[in-house]
Amino acid sequence: MMHELPVEAYTSQEWFDLEQQYIFSTTWQFAGLVEDVANVGDYIAVQAGLNNIFIVKGRDHRLRAFHNMCRHRGTQLLRAVGKSQKAITCPYHDWTYDLEGKLISIPKKEQEFPELCNKELHKCDLNLHQASVDIFKGMLFVHPDKNAPNIMSFFGEVEPYLGPHIPEELIEYQEKKEVPFYSKEINANWKIIVENYIDHYHLAHLHEGTLNMYDHSKAEFGWAGPHYWFYEPLAPAYLADVKNASPYPLIDKMPEDKMGAYVPWLFPNIGITESESAWNTFHAIPLAPDKTLVVIRSKTMNVSEWEYTKQYTKSMASKVWQTMGNKGKYEGDANDPMASGDFMAEDVYACEQQQKSLRSPMFSVGAQAQKGEFAVSKFQRVVKEWIEKHKDDDA
Amino acid sequence: MMPKFHQLKVLEVQKETENATSIAFDVPYNLYETFNYKPGQYLTLKFIINGEDVRRSYSLCSSPALEEPLRIGVKRVKNGLVSNYINDHLKIGDMVEVMTPEGRFFADVKKENYKSYYLFAAGSGITPILSILKTVLLTEERSYVYMMYGNKNQDTIMFTKELEQLKSEYPDRFIFVQTLSRPKSNWSDLWSTSKKQFRKGRIDTESVEWFINEFPPYAQNTEYYICGPGTMIENTKSALKNIDVPSERIYVESFGTNTSEDSVESIDNATLLAQLNGELIKVSIPKDKTILRTLIDAGKKPPYSCEGGVCSTCICKLKKGKIHMKNNLALSENEVKEGYILSCQSIPLTTHIEIEY
């Protein structure tokens with residue numbers, strides 16, 4: 001057992017399928033940032049568990065979500081991103097829907113579908129299946145059910161524990177257009193990655209030289225509904241010089257007396273990292289029982305290039321980074337994750353190394369840190385209960 | 001529950017503008033339940049003026065979510081019998097015949113809702129909108145309200161103080177834009193800082209589109225409430241439909257509708273056969289009388305309340321003949337197709353009419 005779940009939950013296709021059906025197809029799923037559908041007619045299509053759902057912005061600036069599937073023979077209607085003004089046409093046989101999802105045109109209707117001719121097309125029960133879409137803290141979320149419980153009933157409880165950041169006012173940090181800040185297929189089950197994210201115990205050890213600019217001993221954390229929340233202040237030495245040392249211009253909404261990192265995990269698979277100088281989404285997308293795609297998008301202050309240059313120069317000159325934030329746990333080649341001085345590489349390494357052991361007959365979890373790892377077993381309980389509840393609802 | 005009249009005492013009479021008054025009523029404890037209402041609904045008042053029994057409906061501007069007395073807003077209508085009577089003569093302590101709250105125009109406000117409400121009000125159309133506004137802000141802690149309020153000039157704005165207070169109390173959830181069609185300019189404008197308090201113009205296709213572009217919804221479950229005179233409603237509705245707002249999300253209450261001249265001539269002395277409360281009534285309809293008035297004059301008791309074509313209490317089904325409805329703000333196209341009519345608005349177009357309540 002891994003605390004609450006059997007080891008198979010991390011290795012078997014059966015569990016993977018169970019989770020796809022009862023977790024990722026029954027929850028509000030992260031679909032991007034609000035600016036991804038900034039303009040009227042913009043759309044994006046995302047995979048959310050078993051469902052492919054597209055979001056389109058209508059001329060009334062309201063988002064609509066539909067299952068991305070023609071009602072004729074099921075063909076996917078829209079590709080990942082694009083723009084459509086008034087109608088959506090299936091590439092296969094040109095069936096066409098309006099932005100309310102109503103069927104408005106079928107080629108050769110009279111010859112081929114005479115039975116559909118005595119009614120208006122949108123009354124033929126062939127309109128697109130509706131889904132739900134809403135916004136939470138600058139992020140888009142979709143739910144496959146058109147009558148989904150409203151998004152604030154899902155996230156409302158954790159909202160007070162999030163950082164003061166206003167993501168809509170920040171701008172995305174991208175080296176190249178359309179390419180996220182970080183994207184990597186990790187050879188580990190998605191839950192291993194979540195458990196690593198919410199594990200307080202490892203911070204001072206795995207990341208002893210990479211995340212030591214935060215004061216782990218003063219961390220506060222807990223649960224709000226199915227969601228995990230976490231806050232820790234800056235380490236005193238970093239705090240003392242943060243105006244110079246910060247790698248990017250400081251987030252202007254950060255109160256000076258509560259300068260730190262807010263690192264919540266929103267159930268089931270989206271984390272946010274809200275720090276003194278950046279705001280990141282951390283999306284863990286299960287691809288296989290032992291494979292997970294992690295996509296990080298990063299936003300920073302909306303100020304001029306010049307401000308960034310000035311801050312970078314000051315940061316480089318700060319003494320803080322001589323002892324903090326970039327020293328690998330081991331000495332060695334920079335390509336070795338444990339010597340890289342990059343905390344993300346350290347986490348990926350630890351997750352993959354753990355996944356490797358799961359198939360060993362000798363594998364077991366030996367003990368649990370009662371405070372620092374409490375969140376790990378709690379998360380597993382949430383997963384288990386969520387599956388059981390939705391299995392029951394189905395039955 | 002059948003609508004019913006009760007005697008209520010006037011608790012407060014407050015001048016809102018030069019031409020509008022709000023009236024608060026004292027509801028005795030045993031009638032609290034009976035006078036429970038939803039934000040957006042109205043009261044029907046009955047007076048006997050110059051020996052005539054007259055009824056008018058006025059929207060409630062108070063909020064059921066607040067511990068406040070029932071309050072209606074009444075703006076003078078040019079030559080209006082009742083509105084001027086209320087503005088000129090009604091005083092604290094008067095007893096008034098008030099019918100239990102009614103109306104299909106209301107917001108279904110629930111604590112757990114997460115919505116964006118777009119409210120459009122013109123002139124005295126603010127009354128039910130104010131009730132919805134207060135109730136939503138107070139009850140739905142996460143919902144947003146985007147409101148546009150149109151007036152002729154600074155002097156005709158009702159409830160200014162209350163609206164300003166709400167604006168400062170809920171800066172994160174309440175967006176408020178006022179527009180004036182004929183603003184008064186003041187000498188002081190010349191040296192006041194150019195911070196614009198009002199937009200110039202009417203609530204029309206252009207301004208509604210501007211408003212939604214400027215203030216797109218944050219919560220994606222949106223609803224649109226419109227209240228004002230007929231043309232304002234038509235303009236706002238068509239602006240919303242132009243940008244693909246689905247009609248099931250639009251709610252409308254029309255104020256002051258009897259402005260257009262109705263030129264349809266009725267048939268004199270048509271025969272009316274009416275099935276009412278298990279009785280078959282046969283009478284003839286005198287010239288210019290409605291079906292409802294004919295039955296009342298014959299001593300019968302047909303159901304009715306607003307007598308203005310708004311509330312649909314007087315609904316009945318036309319079995320034979322043709323009628324004309326002078327005003328219909330209650331029945332949908334489909335209901336009319338199925339033969340439903342508002343008897344308070346119906347005059348005969350054929351010599352033989354048969355209806356059933």
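Asp94(A) counts as partly exposed, because 13 C-beta neighbours sit inside 10 Å. Its place is the loop between strand S6 (87-89) and strand S7 (96-98) of chain A, and its phi is positive, about 60 degrees, although Asp94(A) is not a glycine. Please keep in mind that this is a predicted model.

**Backbone details in chain A**

- Lys137(A) also has a positive phi, near 45 degrees, in a residue other than glycine.
- The loop that holds Lys137(A) runs between strand S9 (130-136) and strand S10 (139-143) of chain A.
- Is Lys137(A) buried or exposed? Lys137(A) is buried, because 21 other C-beta atoms lie within 10 Å and the cut-off for burial is 20 or more.
- A cis peptide bond leads from Phe267(A) to Pro268(A), with omega near -5 degrees.
- Pro268(A) belongs to the loop between strand S16 (265-266) and strand S17 (270-274) of chain A.

**Around Lys109(A)**

- Lys109(A) is part of helix H2 (residues 109-112) of chain A.
- With 13 C-beta neighbours inside 10 Å, Lys109(A) counts as partly exposed.
- Leaving aside residues up to four places away in sequence, Lys109(A) touches Leu116(A) and Cys117(A).
- Leu121(A) is twelve residues from Lys109(A) along the chain, and the C-alpha atoms of the two are separated by 9.8 Å.

**The two sides of helix H1 in chain A**

- Which residues of helix H1 (residues 13-22) of chain A are buried? They are Trp15(A), Phe16(A), Glu19(A) and Tyr22(A).
- Viewed down the axis of H1(A), these buried residues fall within an arc of 155 degrees, so they line one face of the helix.
- Strand S18 (279-288) and helix H10 (374-394) of chain A are included in what covers the buried residues of H1(A).
- Turned away from that buried side is a face of H1(A) with the exposed residues Gln13(A), Glu14(A) and Asp17(A).

**Helix packing in chain A**

- Helix H4 (residues 190-197) and helix H9 (residues 343-357) of chain A pack at an angle of about 130 degrees, and their axes are 10 Å apart.
- That angle makes H4(A) oblique to H9(A), and the crossing of the two is right-handed.
- H4(A) brings Ile192(A), Ile193(A) and Asn196(A) to the contact, while H9(A) brings Asp347(A), Ala350(A), Cys351(A), Gln354(A) and Gln355(A).
- By class, the residues of this contact of H4(A) with H9(A) are four nonpolar, three polar and one charged.

**Helix packing in chain B**

- Here helix H4 (residues 205-214) of chain B packs with helix H5 (residues 230-242) of chain B at an angle of about 50 degrees, with axes 8 Å apart.
- H4(B) and H5(B) are therefore oblique to each other, and H4(B) passes H5(B) in a right-handed crossing.
- The residues from H4(B) are Thr205(B), Val208(B) and Glu209(B), and those from H5(B) are Asn235(B), Thr236(B), Ser238(B), Ala239(B), Leu240(B) and Asn242(B).
- What is the make-up of the contact of H4(B) with H5(B)? Its residues divide into three nonpolar, five polar and one charged.

**Where the chains meet**

- The contact between the chains takes 16 residues from chain A and 17 residues from chain B.
- On the side of chain B that touches chain A, nine residues are nonpolar, five are polar and three are charged.

Terms used. Residues are numbered from 1 along each chain as its sequence is written. Chains are lettered from A and ligands numbered from 1 in the order in which they are written. This is a predicted model: local features need pLDDT of at least 70, side-chain atom pairs count only at pLDDT 80 or more; totals for chains, interfaces and linings use all residues. Axes are lines fitted to C-alpha atoms, for helices over the stretch in contact, and angles run from 0 to 180 degrees between N-to-C directions. Helices (H or I, at least four residues) and strands (E, at least two) are DSSP runs, numbered from the N terminus. Angles under 35 degrees count as roughly parallel, over 145 as roughly antiparallel, 65 to 115 as roughly perpendicular and the rest as oblique. A crossing is left-handed if the near helix is turned anticlockwise from the far one by less than a right angle, and right-handed if clockwise. Two residues are in contact if their C-beta atoms, placed from the backbone, lie within 7 Å. Ala, Val, Leu, Ile, Met, Phe, Trp, Tyr, Cys and Pro count as nonpolar, Asp, Glu, Lys and Arg as charged, and the others, Gly among them, as polar. A residue is buried if 20 or more other C-beta atoms lie within 10 Å of its own, exposed if 12 or fewer, and partly exposed in between; C-beta atoms are placed from the backbone. The arc is that of the directions from the helix axis to the C-beta atoms.
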